[in-house]
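Visitor: I have a structure open and have not looked at it before. Can you walk me through it?

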Amino acid sequence: MTKPIQYQAGYILESVKDELGKYAKQHKKEGEVRGLLYALSTFNIQSDIKLDTPQEIPSLLAVTCNIVTRGLPTFASISTEQHFADALSLTQRIDNHEQEKITFPFVALQRSDENVSDQFFKALHTIDPRARNRSQYLEISDVDSDFEKNFLLQFLPEEHAYLAQLLEKQRIRSSFTRDNNQGRVDFSLEIPYDLVRETKNKYKQKVELKHKKNYIIEVDGEKYHYRTELIDHLKDFEIAQLSKAIFHIHEENIYEDKNKFIGNISNEEYIKIIAENYSGGNYLRNPFTALLLSPFGIARLQRIMLQYLMIKYNALTPQTIKVAVIERDIPCGYAAFEDLSELLVTLNSLAGTPTPLPEFDISVFCSDEFINHPLHSGKSSKSIDKINRSDYDLILDISLLRREGVFKEDAESTGNTIVIRNAHYIHYTTSTGVFSAPSIIYKPLVEELPNEIFNPIKETSEWLQILLQNIFRKRNFRDGQLAILNRALQLKSVIGLLPTGGGKSLTYQLAAMLQPGTTIIIDPIRSLMLDQYKGLKSIGIDKCEFINSTLSTAERVFNQNNLLVQGQLQFLFVSPERFVIDDFRKALETAKSGQHYFSYAVIDEVHCVSEWGHNFRTPYLNLGDNLQKYCGTYSNDSIPIFGLTATASFDVLADIERELNIIKDDGNAIVRFENSVRDEINYTIKEVSVKDFPDLTNNWITKIKQSIGKNKQKMVFEIIKNKEKEILFNNQANI
């Protein structure tokens, strides 16, 4: 098989995430939970199939993959949530029509031994408790001695046999030090917790510098002293990073050195929980283990299947692909393909030009203890030993408990098989990028009637509503949102007016998720960037960042030159002034040369272009030209501009169109909700006489008497009598 390749994708149920959040806050384990979830969202694959991403991929597949990997982990779809509610009866959907948000609260079973959140935290510590026979493990290759080969298989004591699943063999040294040295260490184990080395408060945020703790084991005999230089280098690295523990196990002193290593590592909380899951007997059968881990398996299968379709698309015709899923442990195969098919059908039904796609014919083979598991939802599954590999176009061999390169079964699968396993550690070179492809023109969502009235088109608006619910957890669109999305999804520039709180941000965020590329958002103030950034994070979209003065220089450089340039971002928030900085312009050009492209340019609070651009923030006036010049699209067309505001006069709107060069469009760029005239903030000034409103005058006098002292009352009454023409009144607005 080829060298392992690392991918990232993960789903989590909304209720499970809430429970883990409560646990982390209560026990002060935010770093531990965050690190474990990120580690579970990372997996390695091995296959003889060449899985390099082609230069050109179908836009629909690019969008689908971006949706699946939008967060690590991100929320599972509504139908997947319902699948687990039906199968395991641990969660239920609450449909409160008075609420805008769809919720899936957790319904805890009565457990006398420990609460639900504890069980979820323990379930994050994956190990296969069935692997009791060491003959199941792969023998070690590419090492120096029989002593090293026998270390895991013979010299580990029985009560710590689980370590044979955790210790990685022959990890490249540069993965620790990030230098160019290709030397290897004998064995290593990375604790996946995020350990905070330093925290500092910044503008409404806490910045954490995190690292992982690694144990490195060098198995040496007297004749292996040439390793001294490597060992000294690692010791220096240990001192510099405060994150390495290095152990030497010598052949002539095996028992003392081995016991010292085991004694140290056994004190780690991570190892204690792993040992408990391995020996406790209930880890595999616990329904909470399945509730947490199975969604990660669903995401993994979808990510790899999409990669396969991207590569094979030109060779495929609209036909049926026969796929076998080998489930080594937690069931996830049927749910993965049902959910993926629903997503592809939804996107294809919205696209103006549908993409021909094959159908999936799925068969599931699993270990005997899972054949009748409720997560199969009554569908047929067979024992693994019943599979005839030649019957299938593709075989996906997945485990959620086993790490890559440990078991003999991992190396037995060849030909049309892809082996999917947990990763020992996260490669710092692993790409989590956004796929770029030609933008998609979607079908119309609304029918425009006279007097700025827009009627939803039932078919397309309902398909889009499915994506609204799955990605953003909103039940329905608000008034005016579909009309704005209608233009944007047809790749036309739009200036959308919605009242404050009317859901302006959601319009560009949903449109951005449906295009294969990055969306850049220009905000006038830092607090808006941070609010929208946090809002995306809260719904499981973490491919977003901002660049502003609240970040350190190093943080700004990383976001700009690493994340932006390498196409790692779905959303980037900046100020208009960023476009006059030469380094930022070069970064945008570098991203384009690296084939990372933009889908939309969003200008939030777009009235600032007119109201501020002519006075004290002149970069707004060149924003339209700079966006077109530096934010390249895949097809080299003009980037659609997405302007949003709560209110703007006709003069301001005309100025915005002119300054952003939108005026040359089709003349329909401005989209307003029919009730966007807001009486509560309109006023007029009318000259009246006090004599015309005696009751009003008397009421004022009464209020004045109640609010000021007697010594000043006489003076105030004289002013009222002599200034009767200066009273302002607007009967319509009740001023």
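Guide: Here are a few parts of it, in turn.

Guide: This is a predicted model, in which local features need pLDDT of at least 70, side-chain atom pairs count only at pLDDT 80 or more, and totals for chains, interfaces and linings use all residues. Residues are numbered from 1 along each chain as its sequence is written, and side-chain values use heavy atoms, with hydrogens and water left out.

Visitor: How many helices and strands does the protein have?

Guide: The protein has 25 helices and 22 strands. Helices (H or I, at least four residues) and strands (E, at least two) are DSSP runs, numbered from the N terminus.

Visitor: And what share of the residues is buried?

Guide: Of 735 residues, 57% count as buried. Buried is under 20% relative accessible area, exposed over 50%, and partly exposed in between, with a 1.4 Å probe and protein chains only.

Visitor: Take leucine 347. Buried or exposed?

Guide: Leucine 347 has 0% relative accessibility, so it counts as buried. This residue lies in helix 13 (residues 333–350).

Visitor: What is leucine 347 in contact with?

Guide: Leaving aside neighbours within four places in sequence, leucine 347 is in contact with Leu60, Val63, Thr64, Ile67, Tyr442, Leu467 and Leu514. Contact means heavy atoms within 4.5 Å. Leucine 60 is 287 residues from leucine 347 in sequence, yet their C-alpha atoms are 7.2 Å apart.

Visitor: Switching topic. How do the axes of helix 4 and helix 12 cross?

Guide: The axes of helix 4 (residues 78–88) and helix 12 (residues 287–312) come within 12 Å and cross at roughly 150°. That makes helix 4 roughly antiparallel to helix 12. Angles under 35 degrees count as roughly parallel, over 145 as roughly antiparallel, 65 to 115 as roughly perpendicular and the rest as oblique. Axes are lines fitted to C-alpha atoms, for helices over the stretch in contact, and angles run from 0 to 180 degrees between N-to-C directions.

Visitor: Which residues meet there?

Guide: Thr80, Phe84 and Leu88 of helix 4 meet Pro287, Ala290, Leu291, Ser294, Pro295 and Ile298 of helix 12.

Visitor: What about the sheet of 7 strands, in what order do they come?

Guide: The order is 18-19-17-20-21-16-22, in an open sheet with parallel pairing. Two strands pair if DSSP finds at least two bridges between them. Strand 18 (544–546) and strand 22 (670–672) are the edge strands, each pairing on one side only.

Visitor: How many bridges join strand 18 and strand 19?

Guide: Strand 18 pairs with strand 19 (residues 571–574) over 3 bridges, in the parallel sense.
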